[in-house]
Amino acid sequence: MTSTFPNISISTERLVLRPLDEDDIPALAEMMNDEQVAAWTDVPQPYTEDLARTWITELAPGKRENGHGLDLAVTEFLTQRLVGVVQLAKTDWHVRSTEMSYVIAPWARGEGYASEAALAAAQWLFGDQKFERIELRTAADNTAGQQVAQKIGCISEGVLRGACIAHVRADDGTWTDVRTDYIVWSLLPEDIEGTDGPLADTGQFSVYPDWN
């Protein structure tokens, strides 16, 4: 039997990580149309609300049900506004490992939301789900992504040369593929032991089995 992640809600001091919902469609589409998101991810450009709807109603549920991973909306606790997305993919249930990535809306950057959300997801994976390894891959020039990895305690394991396709926007608005390197990071349970993170001693995990 294929293992699957539960439909989880995780609360931190400032954020709630929860399943994506159809109410997120406009904000998700706006976030994915940001130039930095287009540069470092493979989301189609322009990113339409129809694409966001397909992600939320089909791709994300299918990914979880097939045991491949989990997509979580990151929202502000006080305003419930969508500030980003944390994704788990390439999950190996035998090894108990998964690959994590994150996107933060342009208006919410610089607030530490990416590291807070990533650390919350990692604490849940290691504590509740008994995972043993989280892997992150950042493009060589994606310094913001690298800073998040370092901040939550990841260890750089090396470089995958020429393994990443980034995107550069031309003056006419079109995007061109550019081959670059991936930096590979890993996070193990012992890397965050004693971390005074946003979930320390809170145990604020809730499961929503009927969500979507």
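**View 1. I134, a buried residue in strand β6.** With a relative accessibility of 0%, I134 counts as buried, a word used here for under 20% relative accessible area, whereas exposed means over 50% and partly exposed lies in between (1.4 Å probe, protein chains only). I134 is found in strand β6, where strands (E, at least two residues) and helices (H or I, at least four residues) are DSSP runs numbered from the N terminus. Between I134 and A38 there are 96 residues of separation in sequence and 24 Å in space, taken from C-alpha to C-alpha. The model shown in every view is predicted, and for this reason local features need pLDDT of at least 70 and side-chain atom pairs count only at pLDDT 80 or more, while totals for chains, interfaces and linings use all residues. Residues are numbered from 1 along each chain as its sequence is written, and side-chain values use heavy atoms, with hydrogens and water left out.

**View 2. The aromatic pair of W93 and F131.** Four aromatic pairs are found in a search of the whole structure; rings of Phe, Tyr and Trp (its six-membered ring) pair if their centres lie within 6.5 Å, and planes under 30 degrees apart count as stacked, over 60 as edge-to-face and the rest as tilted. Because W93 lies in the loop between β4 (82-92) and β5 (97-104) and F131 in the loop between α4 (113-127) and β6 (133-139), the pair ties together parts that are 38 residues apart in sequence. Both W93 and F131 are buried, and together with F5 and W124 they form one aromatic cluster.

**View 3. R81 over the ring of W107.** The charged end of R81 sits over the ring of W107, at 3.6 Å from the ring centre. A charge sits over a ring if NZ of Lys or CZ of Arg is within 6 Å of the ring centre and within 35 degrees of the ring normal.

**View 4. C154 and C164, two cysteines in no disulfide.** A disulfide is a pair of cysteine sulfur atoms within 2.5 Å, and a search of the whole structure finds zero of them. For C154, the nearest cysteine sulfur is that of C164, 17 Å away. C154 is buried at 7% relative accessibility, and C164 is buried too, with a relative accessible area of 2%.

**View 5. The backbone at P46, Q80 and K130.** Most residues other than glycine have a negative phi, and most peptide bonds are trans. The bond that joins Q45 and P46, however, is a cis peptide bond with omega of about -5 degrees, and P46 has its place in the loop between α2 and α3. Q80, in the loop between β3 (70-76) and β4, has a positive phi near 65 degrees, and this residue is exposed, with a relative accessible area of 63%. K130, in the loop between α4 and β6, has a positive phi near 60 degrees and counts as exposed at 55% relative accessibility.
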